[in-house]
Amino acid sequence: MSITLSTYLVQGLIAGLVVACPVGPVSLLCVQRTIQKGLTSGFVSALGASTGDAIYALIGAFSLELLVETLLASSSKLNVIAGLLLCYVGISIFRKQPSLLPDNCWPSLPQEKIGRWQGSGQDFATILLLDTINPMTILPFIAIFSRLYDSGSGSTVLSATLFVMGVFLSGFLWRSLLSFCANHLGRHLKRIHLTLMNRVTGIVIIVFGFLAIYSAWFKNT
């Protein structure tokens with residue numbers, strides 16, 4: 001790989017960290033799911049969130065102005081949808097009763113394996129949906145991508161692909177690290193601590209939901 005091409009990968013790695021590092025509902029969900037459901041759930045959630053980041057990195061890297069304009073035009077509706085979904089997720093977490101059962105290993109029974117795969121699919125889909133429909137957090141990232149990504153004369157499909165790969169990898173590695181640390185911490189928590197964590201996490205995510213809805217209302221006034 002040439003120095004020029006490797007630069008695009010480094011730019012993507014930096015952009016992915018800029019997106020993933022701030023604490024938000026997605027990071028909170030990765031941590032909460034890891035502690036409550038196990039390391040597998042945390043990794044799957046990290047994969048879903050990083051996939052959402054990569055989608056928007058793809059939009060920024062390939063300069064899809066029409067799609068960006070469409071998203072901007074629909075930002076109010078998307079904010080409402082995202083806000084309602086965040087409120088639903090927050091209320092579900094707030095009401096959830098914690099489990100102290102270890103959940104880091106694959107079950108041995110076939111039916112339990114099927115249930116685990118279904119649960120992992122839900123974890124991936126819900127966090128991907130949250131990450132891709134929330135313009136209040138995603139659309140500013142497109143501006144970050146466009147600033148970090150050099151779309152000059154040396155830009156090619158390969159360079160854009162490397163940029164998107166960098167975004168995905170750094171986001172996934174960072175959130176996986178959060179999940180790994182949360183899994184280690186969760187082993188030392190008692191039920192009362194897990195209950196408190198559910199309450200706090202649920203409230204914070206609900207607040208994010210109300211902020212998204214308020215943002216949509218504010219734009220229309």
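## The largest pocket

Helix H6 gives the largest share of the lining of the largest pocket, six residues. Helices here are DSSP runs of H or I with at least four residues, numbered from the N terminus. A pocket is found on a 1 Å grid over the protein atoms alone: it is an open set of points where a 1.4 Å probe fits, with protein on both sides within 12 Å along at least five of seven lines, and its lining residues have an atom within 4 Å of a point.

This is a predicted model, in which local features need pLDDT of at least 70 and side-chain atom pairs count only at pLDDT 80 or more, while totals for chains, interfaces and linings use all residues. Residues are numbered from 1 along each chain as its sequence is written, and side-chain values use heavy atoms, leaving out hydrogens and water.

Which residues lie nearest the centre of the largest pocket? They are Arg33, Lys37, Val89, Asp123 and Thr126, out of 17 lining residues. H2, H5 and H6 are the elements that give two or more residues to this lining.

## Salt bridges

Side chains of opposite charge can pair when their charged atoms come close. A salt bridge is a side-chain nitrogen of Lys or Arg within 4 Å of a carboxyl oxygen of Asp or Glu, and this structure holds three.

Let's start with aspartate 123. Lysine 37 forms a salt bridge with aspartate 123, with the closest N and O atoms 2.8 Å apart. The pair links helix H2 to helix H6, 86 residues apart. Arginine 33 also forms a salt bridge with aspartate 123, at 3.7 Å between the closest N and O atoms.

Is lysine 37 buried or partly exposed? Lysine 37 is partly exposed because its relative accessible area is 29%; buried means under 20%, exposed over 50%, and partly exposed in between (1.4 Å probe, protein chains only). Both arginine 33 and aspartate 123 are buried.

Elsewhere, aspartate 53 and arginine 175 meet in a salt bridge (2.9 Å, N to O). Both aspartate 53 and arginine 175 are buried.

## The nonpolar core

A nonpolar core is a set of buried Ala, Val, Leu, Ile, Met, Phe, Trp, Tyr and Cys residues joined through side-chain atoms within 4.5 Å. The largest one has 14 residues, of which Leu29 and Ile127 touch the most other members. Its largest share, six residues, comes from H5.
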